[in-house]
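Below are some notes on this model, for use alongside the coordinates.

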Amino acid sequence: MIGLALPQTFQELIGPSAWQLLLAEGTLRSYRPGQTILRQADPGGFLLALDHGRVKLLASAEDGAHLLLTIRGAGQLLGELAGAEGRRTATVEALDRCTAHYLSTARFDRFLSKHGLTQEFHRYVTGKFDQAVSRQVDLAHRSALRRIARLLHDTVVLAPATAADPRRVPFTQEELAGSLGLARSTVADQLTTLRAAGALTRGPHLVVADLDKLTEAFRV
């Protein structure tokens, strides 16, 4: 399969043993698909270590539109950028049934200090900012086909092992259009192109047939 690097997770940066210690510091919380986990502009003061499932990050505009920023999977931190006194920069919604561990910002800071992981956390945050810049470039300069293919790719690659159909994308055409700031007709045309190329199966649902072909479309 053609490789397409995703941002490194915090779990990968600190290793599985330290990740389990981090989870043990927090309080387990569960979220159903579609549930809002964090809301843009709400105060910070805590973060979540995502242990299972996928979430989507959305930015809200003044006119009420919601633009999808990225998809995140297990091993990531959610809400850590707000710190103790900041505000949430995005809304986070569950795509799957998710589990995460709640930690206050103060408790998380103590964990980093105790285990000597402050530098790893800074690397993680820097990686997130780099990804945000890449996404902005995509929105401003990349074709609709590339943007759609990238979203479908990331969503499938991050599917949890417990997903009933990991290659099915849990978005409708309307949701894709709204999330990417595209016309529905544009999304429909590009999905037709991806189906004709063999990247997606034919039918009413969004199901990836060939991840390599989807990746090729992403590189267009």
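**Notes on the model**

1. Lys56 is in contact (heavy atoms within 4.5 Å) with Leu68, Thr70, Ile71, Thr91, Val92, Glu93, Leu95 and Phe171, leaving aside residues up to four places away in sequence. Lys56 counts as buried because its relative accessibility is 12%; buried means under 20% relative accessible area, with a 1.4 Å probe and protein chains only.

2. The model is predicted, so local features need pLDDT of at least 70 and side-chain atom pairs pLDDT 80 or more, while totals for chains, interfaces and linings use all residues. Numbering runs from 1 along each chain as its sequence is written, and side-chain values use heavy atoms, without hydrogens or water.

3. Lys56 lies in strand E4, residues 55-60 (strands are DSSP runs of at least two residues, helices H or I runs of at least four). An open four-stranded sheet runs E2-E7-E4-E5 with antiparallel pairing (at least two DSSP bridges between two strands). E2 (36-38) and E5 (66-72) are the edge strands with a single partner each, so one side of each has no neighbour in the sheet.

4. E2 pairs with E7 (residues 91-94) in the antiparallel sense over two bridges. Val92 in E7 is the bridge partner of Leu38.

5. In helix H8 (residues 211-218), the buried residues are Leu211, Leu214, Thr215, Ala217 and Phe218. Viewed down the axis of H8, they fall within an arc of 155° (directions from the helix axis to the C-beta atoms), so they line one face of the helix. These buried residues pack against helix H5 (144-157) and helix H7 (184-196).

Definitions and conventions
Buried means under 20% relative accessible area, exposed over 50%, partly exposed in between (1.4 Å probe, protein chains only).
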